[in-house]
Amino acid sequence: MSDAPKAQGQPLASRVSAEHRRVVALAAAAVGVVYGDIGTSPLYTMREVFSGLHPLPVNAANVLGILSLIFWSLIIVVTLKYVVFMMRADNRGEGGIMALTALVVKALGDEPRRRRTLVGLGLFGAALFYGDAMITPAISVLSAVEGLAVATPYLEPVVEPAAVAVLLALFLLQRRGTGTVGALFGPVMMVWFATLALLGLAKIVQVPQVLNALNPWHAVTFFAENRWQAYLALGAVVLAITGAEALYADMGHFGRRPIRLAWTGLVLPALVINYFGQGALLLTQAEAARNPFYLLAPSWALYPLVALATAATVIASQAVISGAFSLTHQAIQLGYCPRLEIIHTSEREMGQIYLPWVNWALLAAVVALVLGFHSSSHLAATYGIAVTATMAIDSLLLYVVLRHLWRWSRWAAGAVAGLLLTVDFGFFSANALKLFQGGWFPVIVGVVLFTLFSTWYRGRQLVFERLRSRDLPLEPTLESLKRNPPLRVPGTAVFLTSKPDAVPHALLHNLAHNKVLHERVVFLTVTTEPVPRIPEERRVELQALGAEFYRVMVRYGFMDQPDIPAALDRLRPYGLEFPPLETTYFLSRETLIPSLALEGMALWRERLFATLARNASSVTAYFRLPTHRVVELGTQIEL
């Protein structure tokens, strides 16, 4: 009898233990992907504060004030905003600004004007990310390789070529995917964070008074005494929190609990200890401001530290590059970006994708940044505007979630979002002062990409409107075909159409020119819903229309990988099969003609949209259709 409770408890304890091991393993993996950007910030943050664009005098009050600002920024922005609040605002487990924007669209379904404004903000925030994706690899790798010049000044001329060589190798390897080396990311970054903590701890033990900076009063007095200089210093302090958005963006890959465990259990303590160690060094050696991170280490450890820092920054860069691939794929699925070639680099992991066009565009921009700005100190001026603008947009969108999805009162939601926006605006306005020192770069990238995204989205709306004006209703047309059937030929015809209730234009062209119909005709509509993924059991919907006509709806989420043949294969249990050699896919191809005759967009935007449409990758490749079984029939559309 006494053994019964124990026996019953063992399976539960075993399950709890297995779950705990799973969470810990995911947290270790998250360290290698999520925290690369924010984890390499100690390489340059303190250096930029005390020897950057607006250098502060190195004295005890300033050092303690800056350390207090960094510590409380990590607590308020990263821990409170992203770990506590933003990670609760998930879209079916997924995070990131696109997922958040889709969530807001759902929350404001009956308020189209506000919805359009906030979607525009979310889209602009997504566009700004690409500027960050260009700057992060450049500044991170360059700051790591600059350790060579600290170890031996004679090596300074090789810093720039070495950084370019590392970046070239990184981008050239993207096509192979990260599956092979990705397993090393977690262990390398854990060694990196352990090294950060050890370097900082060794100096804190010697100068323990540096821990006084944990008191926020030092940040208050720092502002009271320095005012304008303190405000300018925020432009460098923000470097300590760049990469915070990755905690939210990568939530779908690892889950909320592992990311939170990694932050509170390893990353936050290691970062704080290292920053305070650098501060302790500056309290005793003011001349160390030229590069306090590398000067924390003993001379014998400099070369191994440069190697480890370079590996860490490569991993940080990889995370940002993968993020750019993922964000572009989401934008394509949601209709904000033209179709681009997508190569799957893993047969097992759906999320491992490679977009050649994005990869080469990023490489060109990153190399241009390194060669144009020459040092990570000069590049630091470009950093911050995009990051802080995106953070402010996140706070605005969070208010909508608090108010409309979580049903908070207007005062409670306003108080939380107001506090976060105040911090975001302080950082953003301080960084805006660096606009002419390099801050223009991410702004221009963001504006250009926002223009492309919004033009593509609006252009597609115009195309659908023009096509709708020519549409014939499907049901009456089918009744007419049933009464006066044309010649039916063997095989299955699949007509892709965006409107399930209208006759596909490709069908009309086929009847007009070929005078025949296949013995089985399927009208296929593909939709993308504002959720990350659609469960397989909801993927396909079939409706029989009689006389071997069928309507099929295929649904995808914005993170799903479209595959039409695989989706159609799910209809096999319903007696509908699609043998590859007996199935023909009919597509409509529109030729766009920019025109002033009709209202829609400015002529330059119409021309831009037509150019984007001509250069978009084929529907055949995007939906993984067999190329030898596709027929395209064209029509002209005046915008």
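**Entry 1: ground rules**

Buried means under 20% relative accessible area, exposed means over 50%, and partly exposed is in between (1.4 Å probe, protein chains only). With that cut-off in hand, I opened this predicted model, where local features need pLDDT of at least 70 and side-chain atom pairs count only at pLDDT 80 or more, while totals for chains, interfaces and linings use all residues. Residues are numbered from 1 along each chain as its sequence is written, and side-chain values use heavy atoms, with hydrogens and water left out.

I also noted how elements are named: helices (H or I, at least four residues) and strands (E, at least two) are DSSP runs, numbered from the N terminus.

**Entry 2: salt bridges**

I looked up salt bridges next, each one being a side-chain nitrogen of Lys or Arg within 4 Å of a carboxyl oxygen of Asp or Glu. By this rule I have 16 salt bridges in my notes.

I started with Asp424 and Lys81, whose side chains meet in a salt bridge at 2.8 Å, N to O. Asp424 lies in helix α20 and Lys81 in helix α4 (residues 60-85), so the pair ties together parts that are 343 residues apart in sequence. Are these two partners buried or exposed? Asp424 is buried, with a relative accessible area of 1%, and Lys81 counts as buried at 1% relative accessibility.

I then turned to Arg520, which forms a salt bridge with Glu548, the closest N and O atoms being 3.6 Å apart. This pair links distant parts of the chain: Arg520 sits in strand β4 and Glu548 in the loop between β5 (540-546) and β6 (549-557), 28 residues apart. Glu548 is partly exposed, at a relative accessible area of 35%.

My next pair was Asp569 and Arg572, with side chains that meet in a salt bridge at 2.5 Å, N to O. Asp569 is partly exposed at 41% relative accessible area, and Arg572 also counts as partly exposed, at 44%. I also wrote down a network: Glu529, Arg538, Glu541 and Arg555 are joined into one by salt bridges that share partners.

**Entry 3: the cavity**

Rolling a probe the size of a water molecule over the atoms shows where empty space is left. Grid points are joined across faces, edges and corners, and a volume is the space filled by probe spheres set on the points.

How many cavities of 30 Å³ or more does the structure hold? I found one, and about 120 Å³ of space lies in the largest cavity. Its lining has 13 residues, with Glu48, Leu53, Gly235, Ala236 and Lys434 lying nearest the centre. Two elements give two or more residues to this lining, α11 (228-237) and α18 (376-380). The largest share, four residues, comes from α11.

I sorted the lining by type, counting Ala, Val, Leu, Ile, Met, Phe, Trp, Tyr, Cys and Pro as nonpolar, Asp, Glu, Lys and Arg as charged, and the others, Gly among them, as polar. The lining residues divide into seven nonpolar, four polar and two charged.

**Entry 4: the α20 to α21 loop**

I checked two residues here. Leu433 is found in the loop between α20 and α21 (440-470), and at 38% relative accessibility Leu433 counts as partly exposed. From Leu433 to Arg116 I noted 317 residues in sequence and 30 Å in space, C-alpha to C-alpha.

Gln437 has its place in the loop between α20 and α21 too, and Gln437 counts as partly exposed at 37% relative accessibility. Gln437 and Ala380 are 57 residues apart in sequence and 9.5 Å apart in space, C-alpha to C-alpha.

**Entry 5: positive phi**

Which loop holds Arg407? I placed Arg407 between α19 (385-405) and α20 (410-432). Phi of Arg407 is near 60°, a positive value in a residue other than glycine, and Arg407 counts as exposed at 66% relative accessibility.

Lys515 has a positive phi of about 60° although it is not a glycine. I found Lys515 in the loop between α23 (505-514) and β4 (516-529), where Lys515 is exposed with a relative accessible area of 54%.

Terms used
On a 1 Å grid over the protein atoms alone, a cavity is a set of points where a 1.4 Å probe fits but cannot get out, and a pocket is an open set with protein on both sides within 12 Å along at least five of seven lines; lining residues have an atom within 4 Å of a point.
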